[in-house]
Amino acid sequence: MINNKISAGSFAAVLALSRVFTEVSSLPWEHTEYGMQRFTAVILSFLLTGAVYIPAAAAIKHCGGESPITVIAGRSKLLSGFTGVLLSVFLLTAAAETGLRSHYYASVTVLDYAPPLYFCVTAGTALLFAVHKGLEASVRTGTIAAAIFVLLLVLIICALAGEFHTERLYPAFTDRPETLWSEVIKEFSRNSEFLIFAVLCGNVSSKALRTVPLYLGGSCLTILLMTFMYNTVFGHLTSRLMFPFYTLSSISDITLLHRLNGIDVTVWIMAGILKTALFSLSFGNIVRVCFGCSKAADIASLLFGAAALALSELFTVIPALTGTAARICGSGVPLMCAALFLPAAALLCSPKSDVRTGGAGKGTAA
Amino acid sequence: MLDKILENNTVTVRSVMKNSSDLILKYAKVCGIGICVISCDGQTDANKLANLVYRPLSELDLPDCTPEKLASMISGELLIACDEKPVTSPEEIVSAAMSGFCVILIDGTDTGYAVGVQGFETRSVTQPENHRNIRGAREGFVEALHINMSLVRRRVKSPDLVFTNMTVGKTSGTEITVCRMESIAERGLADEVIRRLETLPLSLVLESGFIQPFLENRNPLFTEVGATERPDVFVSKLYEGRVGVIIDGSPFALYVPKLFTENFMVLDDYTEHPLFAFFIRIVRWLAFFAAILLPGFYTALANFHPELIPDALLRDLAAAEALTPYTVLTECVILDVFYEIMREAGLRLPSNVGHAVSIVGGIVIGDIVVSAGLVGAPMLLAVAIASISGYIVSDIANQVSFMRFVYILAGGLCGLFGITIASLVFCVSACSANSYGVPFTSPLAPFSGKSMRDTFIRSSWHKLGHTDPDIYDMNGAEDDKQ
């Protein structure tokens, strides 16, 4: 199921879509603050994210395109097991958070606060189907969803052409310096796609490193563009908003777009389910590589998807648990742990011949 | 194996054929040596048989003739037909006779000679029924294999076009031909197609649809095997590096791999100005989405999201639906199922009865049902537009019908959320299909910029003509090659 090859461009598009999904589907406790400071926060957070990707990219280059977990698994069973457990916990947390976002976003837009079981059954079916069909299918579907999103973005920009008030942009790096770093960390912590990249980069057909600049560039530009649209359309009068695109399309003067404001919801729900599917497939790869259970990997992926949805439903009914999980995820600590541990372990575990040849490994994560 | 005694051979052949009435055995003596000409009634042309076989043999005059001399003369020196082959077993004799050959057996030799005198009745070459066009040839494939091969060969007078004949079906013994452009098609692709055909487990192959599932990769919704009635389309597919299969008895030739975007391309796109081709292709895409989505979307909006409908339209829709006794979903399902019944009836019935069905459907369903207040007019309109739009992409009309029905249920039960989930499932299903190494959804996903010249837009021949198209340019690795 998972031993398929994807192209770096498609992989980057899906990761960027996943990142933007996190941006547009804000949870109730994390209203996005729009203002001039947000430009600075976005740029700083992406610089931080870029810094996170550098060690991983260096490790991948050093190991000839193999994913860090493959290198670790090839050297030490103990370290491989530890890596597998650590990544599994991070992946499950990120997947549950994604499921929670999808559910919340769907509930307050098109599902109209339908019972949780309703979402679980329908979205769960689609999720398990995507996991069953494998990495290629999920990534290609994500590419199509990304293309629809770009078209939607163009449509929204066209529709709002008369609404832009550029005088609302003013030269200021920060409005409230005391909140800048918390915003930066919050933005940074939303890049959980790093886990998918670190686990699945071995499945990219060639030049896996091309994913990094494409993903970082694409997602940073998109989020900056969204921030620009928000600042110029709403100004600083409405600085705290929940669903950027949903609101943007709703305020458009063009009736068609106003009436089609459900379309972006469909894209984001698709993106959320696909992102959870990618997390599930990543877990399958961990089971295959780190724990050496190739036969159980497919079943493990499916079970992981179901568990992530179940956990997300648990989050919705236990607010205290949800708050704790949100604080942990929003601190960026899990992301930083994975980003530092994985490359360091991979570099330590890589065979000496690789160091001498500059990385001539041919194996893949599959 | 054959015996040297003629009588024994003919008895064996009769036995293999179970004394079938259509087996014809003509005994004669040529230069004093007994011969037997075996043929199958209805499979041969009597004139050809008389002029190409009987007359030359009867006029043969060999001094001191022996069976070996006569055999050597027939096989090596006598020019009696362009299609000749030796046969050495009763089974080969029977197979050749049933394929339109006559087999000459000579007393005293253990080898027969099959001579091609095929003359069975065939339909003449006419315009294709299902793939019509405005400009271009009016020739379509027919049921006879050799005529179809000639239609292809006439368009590619190059030794690069290679035919490989095979026989499939243990009982039917259906002849098929695998075609490819040797320098363009990947050798592995042709080998894989031949391997699958050689291991075909069927006893009876009557139509291309019988072998199509064995060339597919078990995708439940989308087929990765193309079928066409047009020789010009078939040739263009071969020129792109695909492998084709022509089946005796079927006017539909198959080719692999097939991509999803090909359903929106027709031959006329390449004979018209690129601007008009672009316009009509966009219309086809819109029609496809209207065909699968419109009734489901209408049901979803009416049931769950009326706020998305403009106020004036919403009032009209509400007024129309208020007069009907059923829910919107029930109405939609009833109308869609009834339309499918009408379509099926229209396809199977004789044309004169089909008109009656059309009248009943058009007047009774279209007018009386609405005026009686059983179904709302807007719903009827939505289903009708979707049904008509479905025929614009006729190659996937069945898939469109199925998807429309699923969307109706999803939209009616779960609203836009259901539409989203159904879209995701269909999308994943299409994206998971790999047709012989080429992603079914390419060049859209994975994206191939080079192939975009002939996907939504159709570039002019000045640009398209400079490079040879290759289906394997779309395998998603393009961006990695850079």
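**A close look at chain B**

Guide: B:Y436 counts as buried because 21 C-beta neighbours lie inside 10 Å, where 20 or more are required. The model is a predicted one. Phi of B:Y436 is near 55 degrees, a positive value in a residue that is not glycine. Most residues other than glycine have a negative phi. B:Y436 sits in the loop between strand 11 (434–435) and strand 12 of chain B.

B:D64 is placed in the loop between helix 2 (46–58) and helix 3 (67–77) of chain B. B:D64 counts as exposed, because it has 6 C-beta neighbours inside 10 Å, and the limit for an exposed residue is 12 or fewer.

The backbone beyond strand 12 also deserves attention. Most peptide bonds are trans. The bond from B:S442 to B:P443, however, is cis, with omega near 5 degrees. B:P443 belongs to the loop between strand 12 (438–439) and helix 15 (461–464) of chain B. Between B:A445 and B:P446 there is likewise a cis peptide bond, with omega about 5 degrees. B:P446 is also found in the loop between strand 12 and helix 15 of chain B.

Chain B is assigned domain 1 (6–116), domain 2 (145–258), domain 3 (270–432) and domain 4 (438–481). The centres of domain 2 and domain 3 of chain B, taken over C-alpha atoms, are 35 Å apart.

Helix 9 of chain B covers residues 274–303, 30 residues in total. From its first C-alpha to its last, helix 9 of chain B reaches 42 Å, close to the expected 44 Å. Helix 9 of chain B has a kink of about 50 degrees at B:L293, shortly before the proline B:P295.

Finally, chain B touches chain A. In this contact, 28 residues of chain B meet 32 residues of chain A. Helix 14 (397–431) and helix 16 (478–481) of chain B each supply at least two residues of the side that touches chain A. Helix 14 of chain B gives the largest share of that side, 14 residues. Sorted by class, the side of chain B that touches chain A has 18 nonpolar, eight polar and two charged residues.

Conventions: Residues numbered from 1 in each chain as written. Chains lettered and ligands numbered in written order. Predicted model: local features only at pLDDT ≥ 70, side-chain atom pairs only at ≥ 80, totals over all residues. Domains from an automatic or database assignment. Helix = DSSP H or I, 4+ residues; strand = E, 2+ residues; numbered from the N terminus. Expected span 1.5 Å × (residues − 1). Bend = angle between axes of the 7 residues up to and from the residue. Contact = placed C-beta atoms within 7 Å. Nonpolar A, V, L, I, M, F, W, Y, C, P; charged D, E, K, R; others polar.
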